[in-house]
Amino acid sequence: AGLHASRLVRQAHFVARSVMTIASACEDDASPDVLGGGITIVAHSVGGIVARAVPLLYPETRRYVKTIITLATPHAAFPYAFDSTVQQFYSYIQKKEAETMAAAEDHENKSEGDGAELIVSISAGLRDELIPPHSCNLGRINNNGVSGLAADLMSPCTAEGSGGRVDVSLGMDHKAISWCHNVLSAVRRIIYANVAAAAASDSPNDVLGRVRRMPQDMQLNTDTGYDKAVKNEEALMVHSYG
């Protein structure tokens with residue numbers, strides 16, 4: 001589905017319509033705080049690129065989309081060059097994000113709801129047969145992003161009925177990250193932490209403050225920390241399998 005930019009644009013349009021539908025329904029709710037923490041988009045693989053495109057292509061969604069959590073998304077670059085339009089789509093997103101961040105810095109007193117969204121990138125790790133972990137690093141391309149390896153976010157997993165532990169230190173395959181219970185439990189904790197931070201903050205657009213309130217046992221890193229985590233996983237693979 002992510003091999004042509006035209007499909008990505010159509011998917012972004014669908015997601016934007018969905019966001020506005022949810023926002024409209026929630027604003028009609030009796031509780032005025034129902035959208036206090038904003039809307040969180042959870043996306044898998046190239047769907048994460050679509051999610052990043054939504055606030056850029058449809059600015060009306062920016063006041064609602066406050067958090068984007070991506071699973072095994074190649075943020076740095078698409079690893080397979082099937083269609084040049086996909087690379088053009090990437091370049092467009094990165095250029096627009098840079099312009100949006102620069103504009104936000106120029107307007108210190110911007111109105112509530114116009115701030116940038118927090119992006120959390122979770123890589124499946126070295127067992128992902130499609131998307132290498134280095135491609136999932138947000139540190140070099142988005143100042144409002146944090147990155148982490150799935151293995152560093154999960155609690156240890158035990159195989160049911162086997163009595164033995166499952167080795168999750170090298171992550172999981174590309175599809176498994178979208179349904180793995182331990183990963184989704186971590187995603188729920190991230191969503192809850194962000195909603196709680198937004199509700200407690202005097203500034204709903206304080207992205208850095210929301211990052212600091214992330215669960216401390218989750219190793220979500222900026223550029224340097226993420227690269228180190230990937231190198232540690234690579235060293236573990238060499239040690240385990242030669």
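Predicted model: local features only at pLDDT ≥ 70, side-chain atom pairs only at ≥ 80, totals over all residues.
Reader: Let's start with strand 3. How many of its residues are buried?
Author: Six of the six, residues 118–123, so strand 3 is largely enclosed by the rest of the structure.

Reader: Which residues cover each face?
Author: Leu 118, Val 120 and Ile 122 sit on one side, with Ile 119, Ser 121 and Ser 123 on the other, and all of them are buried.

Reader: OK, and what does strand 3 pair with?
Author: Strand 2 (residues 65–71) runs parallel to strand 3 and is joined to it by five bridges. Strand 4 (residues 145–149) also pairs with strand 3 in the parallel sense, over five bridges.

Reader: Which residues face each other there?
Author: Ile 68 is opposite Ile 119 of strand 3. On the strand 4 side, Ser 121 has Ser 147 as its bridge partner.

Reader: Switching to the largest nonpolar core: which members touch the most others?
Author: Val 120, Ile 122, Met 172, Ile 177 and Val 183, out of 19 residues. Strand 2, strand 3, helix 4 (150–153) and helix 5 (181–200) each supply at least two residues of this core. Helix 5 gives the most, with four residues.

Reader: What lies apart from that core?
Author: Another core, of 16 residues, including Leu 8, Ile 49, Val 50 and Val 54.

Reader: What about the outside? Which residues form a nonpolar patch on the surface?
Author: Leu 3, Tyr 80, Phe 82 and Leu 130, which together have about 360 Å² of accessible area. Leu 130 belongs to the loop between strand 3 and strand 4.

Reader: Last one: where are Ser 45 and Ala 72?
Author: Ser 45 is in the loop between strand 1 (39–44) and helix 2 (47–57), while Ala 72 is in the loop between strand 2 and helix 3 (84–106). Ser 45 has a positive phi, near 55°, and phi of Ala 72 is near 55° too.

Reader: Buried or exposed, those two?
Author: Ser 45 counts as buried at 15% relative accessibility, and Ala 72 is buried at 0%.

Note on methods
Residues numbered from 1 in each chain as written. Heavy atoms only, no water. Buried < 20%, exposed > 50% of the residue type's maximum accessible area, 1.4 Å probe, protein only. Pairing = 2+ DSSP bridges. Patch = residues over 30% accessible without salt bridge, like charges linked within 9 Å, V, L, I, M, F, W, Y side chains within 5 Å. Areas by Shrake-Rupley, 256 points an atom, 1.4 Å probe, with all protein chains shown as cover. Salt bridge = Lys/Arg side-chain N within 4 Å of Asp/Glu carboxyl O. Core = buried A, V, L, I, M, F, W, Y, C linked by side-chain atoms within 4.5 Å.
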